Amino acid sequence: MKNIFKKMNEKVDFRFYANKDQKLEKTLTVKDFLALGLGTILSTSIFTLPGVVAANYTGPAVVISFLLAAVVAGLVAMNYAEMASVLPFAGSAYSWISVLFGKFWGWVVGWALLAEYLIAVAFVAAGLSANVKGLISPLGWKLPNAIAYPLGTNGGVFDLIAVLVVALVTFILLRGDSQTTKVANVLVVLKLLAIVTFVVVGATAIKAQNYVPFFPKPHMNADGTMFGGWQGIYAGISTIFLSYIGFDSIAANSAEAKNPQKTMPRGIIGSLIIGTMFFVAVSLVLVGMFKYSMYAGNAEPVGWALRQEGHVIIASVVQAVAVVGMLVALIGMMMAGSRLIYSFGRDKMLPKSLGKLNKKNIPANALWIITAVGIVMGAIFPFTFLAQLISAGTLIAFMAVSLAMYPLRKREGKTLPTAAYRQPFFPILPILGFLGSLAVFMGLDIQAKIYSVIWFLIGVIIYFAYGYRNADSELPGESDEEIEENL
């Protein structure tokens, strides 16, 4: 038994990851990470969740939910920025926790992150599909319900559009990081222009009475959730927290960063600040245009609101650009997910074929896995079902990284490199990040928690059935000086 616990808690030498990740092309700059971060943060959620959350939980106070969620995400983002500066390896939290706490704990966190990425790909694809359908409906175009909706929704069997967009992003990613980031940078600019257009045009249709009461009286929804008051805002935070997971996808690609000690903190913190400003603006305009209750069950409230105000052409243009821009979120999530799966294969926690790179130094095998799962889930499950499940995996990783800041600081400059960025007000902020993430996790619905437990148990079984026996973390025959030079 002692040997089992000893192996579970065995820490990975950071130089092992430095050596293994050398072949990944280091081409990504601050601009690229801002594009990936904003593309992921300002994804499907900015065009869907402000209306859904306002109708189901908060009313006009949806902006408060976004701001409070941003505060928690900001506390964690500072942890991520320092971690990525010291340990710029593929797999982000999985690799960090393996170095600081041990292989088993790294696997648990990585397994939780894998759920986040797999579900996020499906979530973004489903939301993108809803916006495409809203875009083409004024033209009288309509797909048969069987291939237009997920299984069990409006007579649907699978969502064809969700399948096609995931396949398209896979094609883009297989062309290499440099080509992918060029596409992502252009798409992010277009998406930001679409958001600004909605805010400017929508602001002309704001009616002050739609903000009253700003905090609706609390009452129970038919499904047992709370609406209104601080309880509604709390429920809203747990639902929309997935909106801020973009900086996590930045960290997952840190092994491909130029000068990660500087680019990672700037990309992570910068994308979160800019993203929060856009969320607040869109939320205020959306609930100001129409009474919040009118957004109930609406998967594309931005386009709908513009059309209802008579801006049909602008709505079509904004939605068209937004739909194209949503591809950036898929690019970010599929890049991050494939790098995580690659990390599992790299360490032989899963079959080592997943840790192989193709001729373009891309983890193609890992990418095909996340593509297949994303296609299946995006085609079958509706986006509202997926939302809180994403947050569960993210929050587990956020809590672990917050706690890992304490052993990180003890080892910086001694057995680990010194960070170029150091979080202020240490040791207070990391524990606040942990408690904030825990509070949001506790606000998730019971279904999300149950699925999290089931996913955890599956991960533990896989660890002891495969990873425990096969995991690799031994340094190859390269000298310490050569390895550290590559950090």
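Q: What volume does the largest pocket have?
A: This is a predicted model, in which local features need pLDDT of at least 70, side-chain atom pairs count only at pLDDT 80 or more, and totals for chains, interfaces and linings use all residues. On a 1 Å grid over the protein atoms alone, a pocket is an open set of points where a 1.4 Å probe fits, with protein on both sides within 12 Å along at least five of seven lines; lining residues have an atom within 4 Å of a point. Grid points are joined across faces, edges and corners, and the volume is the space filled by probe spheres set on the points. For the largest pocket this comes to about 680 Å³.

Q: Which residues are closest to the centre of the largest pocket?
A: The lining of the largest pocket has 30 residues. Residues are numbered from 1 along each chain as its sequence is written, and side-chain values use heavy atoms, with hydrogens and water left out. The closest to the centre are A112, I396, S452, W455 and F456.

Q: Is S271 buried or exposed?
A: Buried means under 20% relative accessible area, exposed over 50%, and partly exposed in between (1.4 Å probe, protein chains only). S271 has 0% relative accessibility, so the residue counts as buried.

Q: Which residues does S271 touch, not counting residues up to four places away in sequence?
A: A contact means heavy atoms within 4.5 Å. By that rule S271 touches L34, G37, L38, I41, F247, I250 and R266.
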